[in-house]
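Subject: Structure handover

Hello,

Here is the structure I said I would pass on. My notes on it follow below.

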Amino acid sequence: MSTLRASTGFPFRLKMAAISAVAVAVTLAVVVFPVYVMSRDLVTRVLGEQVTAVTRSTSVAISGDSLDRIAAPDGQGTASFRSGRTMLQRMWLANGGSVSDLVNGIAVVRADTNGGYRYLVHSTWRAGQVQFSTSWHPPAALVDSLREGRGAVTPIYSDHSVSVLTAVAPVHRADGSVSGFVVTTLGASALISNMRRQLESYAAFPLLAFAIAVIFAYWGASRLASGIVAVGGHAEAVGHG
């Protein structure tokens, strides 16, 4: 008997190595997956707080009555429109952000009769641009909050294959009624990609541990199998006299 095989026909040493490999793989999954989930939740929370702070501070700085003037037929020719657009551009930078992080700028919208939201002011659109004829349709996570006149922020979601999150905040008139909403969409793809690269570099160490565990399991099983085979051979020789 030169080798020791299980009933499946696989050498004992390979079976032991496979068992060790499975144990290490399960351990890696239990460790790495929760770390990824926690990291993604942390990125979502940090970005959500950032975009919410910008959106809320912008909504406070805008006069609800000025939005009524902008919503009038000749509103884009008024001083309210020009000052509103300039303020939107400055508010993001004043909060420590980068214009390159904005996926669709900062906008002020108002509900229209078609179920969507009409653009009143946009940080990157000049008066008369054709984009003002389009409607903004909110992500599903914001629909209820907008209907109730509350501020909110989405989780990270995909918009045309780009990871983003969007925050809204109401703009109130002097009587407390809602005149419109500030909308800010922030890109999350760069931070998520950086997080994944860090996790991939971290995963190299568990993978090295995985390889070492398999090698030592195979080596230990080989030593154990050799000893068992030697004892079996000796017993067989004694049995044959």
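Which residue in S3 is the bridge partner of Tyr117? It is Trp136. Before going further, please keep in mind that this is a predicted model.

The strand pair

The bridge between Tyr117 and Trp136 belongs to the pairing of S2 with strand S3 (residues 135-136), which is antiparallel and runs over 2 bridges. S2 itself is mostly covered, with 5 of its 6 residues buried. Besides Tyr117, the residues that Trp136 touches include Gly116 and Tyr119, and also Val109, Leu142, Leu146, Thr166, Val168 and Val183; neighbours up to four places away in sequence are left out of that list.

The chain overall

The protein chain has 5 helices and 7 strands. Read from the N terminus, the order of elements is α-α-α-β-β-β-α-β-β-β-β-α. The chain has 241 residues, and 34% of them count as buried. Among contacts with a separation of 6 or more, 58% are between residues 24 or more positions apart.

The core

Trp136 turns up again in the largest nonpolar core, which has 37 residues. Together with Ile62, Trp136 has the most contacts inside this core. At least two core residues come from each of helix H1 (12-61), helix H2 (64-71), helix H3 (79-94), strand S1 (102-111), S2, strand S6 (162-172) and S7. H3 gives the largest share, 5 residues.

The largest pocket has a volume of about 220 Å³. Its lining consists of 11 residues, and those nearest its centre are Asn104, Trp136, Tyr157, Asp159 and Thr185. S1 and S5 are the elements that give two or more residues to this lining.

His122 lies in strand S2 (residues 117-122). Is His122 buried or exposed? His122 has a relative accessible area of 0%, which is under the 20% cut-off, so His122 counts as buried. The side chain of His122 makes a polar contact with the side chain of Thr124, at 3.1 Å. Leaving aside residues up to four places away in sequence, His122 touches Arg85, Leu88, Asn104, Gly105, Ile106, Ala107 and Phe132.

Thr184 is placed in strand S7 (residues 178-187). Thr184 is likewise buried, because its relative accessible area is 0% and the cut-off is under 20%. Which side chain does the side chain of Thr184 meet in a polar contact? The partner is the side chain of Thr55, at 3.0 Å.

Ser158 is found in strand S5 (residues 157-159). Its relative accessible area is 55%, which is over 50%, so Ser158 counts as exposed. How far is Ser158 from Ala188 in space, C-alpha to C-alpha? The distance is 9.6 Å, while the two residues are 30 residues apart in sequence.

Regards

Note on methods:
Residues are numbered from 1 along each chain as its sequence is written. This is a predicted model: local features need pLDDT of at least 70, side-chain atom pairs count only at pLDDT 80 or more; totals for chains, interfaces and linings use all residues. Side-chain values use heavy atoms; hydrogens and water are left out. Helices (H or I, at least four residues) and strands (E, at least two) are DSSP runs, numbered from the N terminus. Buried means under 20% relative accessible area, exposed over 50%, partly exposed in between (1.4 Å probe, protein chains only). A polar contact is a pair of N or O atoms within 3.5 Å; within protein, one must be able to donate a hydrogen and the other to accept it, and residues adjacent in sequence count only if both atoms are side-chain atoms. Contact means heavy atoms within 4.5 Å. Two strands pair if DSSP finds at least two bridges between them. A nonpolar core is a set of buried Ala, Val, Leu, Ile, Met, Phe, Trp, Tyr and Cys residues joined through side-chain atoms within 4.5 Å. On a 1 Å grid over the protein atoms alone, a cavity is a set of points where a 1.4 Å probe fits but cannot get out, and a pocket is an open set with protein on both sides within 12 Å along at least five of seven lines; lining residues have an atom within 4 Å of a point. Grid points are joined across faces, edges and corners, and a volume is the space filled by probe spheres set on the points.
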